[in-house]
Amino acid sequence: MTRNIITLICVAVASALLLTGLEEITKPVIEQNREEERQEILQEFFPDMGDVEDVEEKEIGEVKYEFVFDHEGEEIGVMIENNAPGYGGDITYYLGIDMEGNVKGIRVVAHEETPGIGDAIEEEGFLEKFSGKSYEDDISEEVDHRTGATISTQGLRDSVDEAVQQFAIDILGVEEEAPIDISQVPDGKYRGEAAGHSGEPIKVEVIVEEGEVLEVEITEFGDGKQAEELAGRLIPRYIIEEQEVEVDAITRATESSEAIIEAVDNALR
Amino acid sequence: MSTLVNDISRGILKENPVFRLLLGMCPVLGVTVAVDNGLGMGVAATIVLLCANVVISMVRSFIPKSVRIPCFIVVIATFVTMVDMVLEAFVPPVHDELGIFVPLIVVNCMILGRAEAFASKQPVLRSLLDGIGVGIGFTIALVLLSAVREILGDGTISYFVGELNVMGSGFDPMGVMTLPPGAFIALGVLLVLVNAFFRKFKIE
């Protein structure tokens, strides 16, 4: 019995010593590899940047921005390391944004997506669709997801969109759109529209009286009968019941619901 | 002399871990989407197997029978962690590709199987040769399977720094071969062929 314990302890201690020794050797090399990769990506995003060592890290809210400077010491952009929810786990990527809020580049450094399917997120052809898009563009609308890899590509895209919007708020000082306060809307009949699920416009007419939504009428709807039954019937009812524009979307007609909400929002702004 | 040669060849042919014993199937099915992945995994597993076999054979007389399995596992896990760290430090592209499959070598029953069935009973030299043989057998099987899957699934053969287009531009890849079902299909067909071959040449 004692011999068993002693043997196990010896084996464990020998193993621990060996691993600690090896880690001492490999750790600096691994860290240097990571650093080199980061610098390479920085230079790819900002070819006219100055010294790679002159990158300034600044934490705003929950986001860590790395500011990049050119040879004259002018700020030319930021790089963000971010995680997007993928199909198999987190997608870790670097995102470069210039000071006007345009995407300079995206590089996926680690992911657990399905080989041959979800790894479309690494493809040049998908990633280049983002370049030049700014916070003023609706990235989630303008970059198409990849069929067969919807969850992976949508996850990355929406995460990029969010990061760019957050950048605009944090760094460029763009104000976040406040939700509409219906009680402040003057009486009247308002018209608004938004693109539906099929791409056809959804048009609405909203009647407001004494700070309350009295009626939401859908005057044009191109997303088909089923969506109209669900979203077209229920969303106006919810808006009137809750006296709030941002109501929950209806399952199985999510995109049509969101389009109706957006149309109402547009009408009242 | 013939026992020593036999120690090597047994792992490659008669007791090939993949084609004959069907051991260690997780990495076999998981990483064989590209030839370089298969080769990298084969070499990594071979190194672990070699080191584990030698060490276990060296300490076999000190280890009490009742705690031998935990001791073997610790030895194997130590080498796997070492291989993992060395790969990450010196060949990061291979480490990125193999990812989760390197730590999983710990529970590869092929390695524990050789430790238990061979290295814990035989002298160091024979254990070393056995490790080489089984390792080569495992690597050959992985490369063969990944070649079939990559050529049919992508039309290419990749070799760490690039890839060779072998099927020409008119080839329409069979995407399923790069997916898990493709791994089972390719393995099944290969098993039939290899066993037919063995039977024909009477290698038993």
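**Figure 1. Chain A has two assigned domains.** The domain assignment of chain A gives domain 1 (56-170) and domain 2 (182-268). These bounds come from an automatic or database domain assignment. The C-alpha centres of domain 1 and domain 2 of chain A lie 31 Å apart. The model is predicted: local features need pLDDT of at least 70, side-chain atom pairs count only at pLDDT 80 or more, and totals for chains, interfaces and linings use all residues. Residues are numbered from 1 along each chain as its sequence is written, chains are lettered from A and ligands numbered from 1 in the order in which they are written, and side-chain values use heavy atoms, with hydrogens and water left out.

**Figure 2. Five strands of chain A form an open sheet.** The order is β1-β2-β3-β4-β5 (chain A), and the pairing is antiparallel. Strands (E, at least two residues) and helices (H or I, at least four residues) are DSSP runs, numbered from the N terminus. Two strands pair if DSSP finds at least two bridges between them. At the edges lie β1 (56-60) and β5 (103-110) of chain A, each pairing on one side only. From one strand to the next, the twist averages 25 degrees. Strands of a sheet pair through backbone hydrogen bonds, either parallel or antiparallel.

**Figure 3. The hairpin of β1(A) and β2(A).** Five bridges pair β1(A) with strand β2 (residues 63-69) of chain A in the antiparallel sense. A:Glu57 has A:Glu66 in β2(A) as its bridge partner. Two residues lie between the strands of this hairpin, where A:Gly61 takes a positive phi near 60 degrees.

**Figure 4. The hairpin of β4(A) and β5(A).** These strands run antiparallel and are joined by six bridges. A:Tyr94 has A:Arg107 in β5(A) as its bridge partner. Four residues lie between β4(A) and β5(A). In the turn, A:Gly101 has a positive phi of about 90 degrees.

Figure 5. Axes are lines fitted to C-alpha atoms, for helices over the stretch in contact (heavy atoms within 4.5 Å). Angles run from 0 to 180 degrees between N-to-C directions.

**Figure 6. Three strands of chain A form another open sheet****.** Their order is β6-β7-β8 (chain A), with antiparallel pairing. The edge strands, β6 (188-195) and β8 (212-220) of chain A, each pair on one side only. On average, neighbouring strands of this sheet are turned by 25 degrees against each other, direction ignored. Strand β7 (residues 201-209) of chain A pairs with β8(A) over seven bridges, in the antiparallel sense. A:Glu205 stands opposite A:Glu217 in β8(A). Helix α6 (residues 254-268) of chain A lies across β6, β7 and β8 of chain A, at about 140 degrees to β6(A).

**Figure 7. Helices α3(B) and α6(B).** Helix α3 (residues 35-58) of chain B packs against helix α6 (residues 109-119) of chain B at an angle of about 30 degrees, with the axes 10 Å apart. The two are therefore roughly parallel to each other. Angles under 35 degrees count as roughly parallel, over 145 as roughly antiparallel, 65 to 115 as roughly perpendicular and the rest as oblique. The crossing of α3(B) and α6(B) is right-handed. A crossing is right-handed if the near helix is turned clockwise from the far one by less than a right angle, and left-handed if anticlockwise. Residues of α3(B) in the contact include B:Ala45, B:Val48 and B:Leu49. Among their counterparts in α6(B) are B:Met110, B:Ile111 and B:Arg114. The contact residues divide into nine nonpolar, two polar and one charged. Ala, Val, Leu, Ile, Met, Phe, Trp, Tyr, Cys and Pro count as nonpolar, Asp, Glu, Lys and Arg as charged, and the others, Gly among them, as polar.

**Figure 8. Helices α3(B) and α4(B).** The axes of α3(B) and helix α4 (residues 68-90) of chain B come within 9 Å and cross at roughly 140 degrees. That makes α3(B) oblique to α4(B). Their crossing is right-handed. B:Ile47, B:Cys51 and B:Val55 are among the α3(B) residues in this contact. Those of α4(B) include B:Phe72, B:Ile76 and B:Phe79. By class, the contact has 13 nonpolar, no polar and no charged residues.

**Figure 9. Helices α3(B) and α7(B).** The axes of α3(B) and helix α7 (residues 124-154) of chain B come within 8 Å, crossing at roughly 165 degrees. That makes α3(B) roughly antiparallel to α7(B). The crossing is right-handed. This contact has 18 nonpolar, 10 polar and two charged residues.
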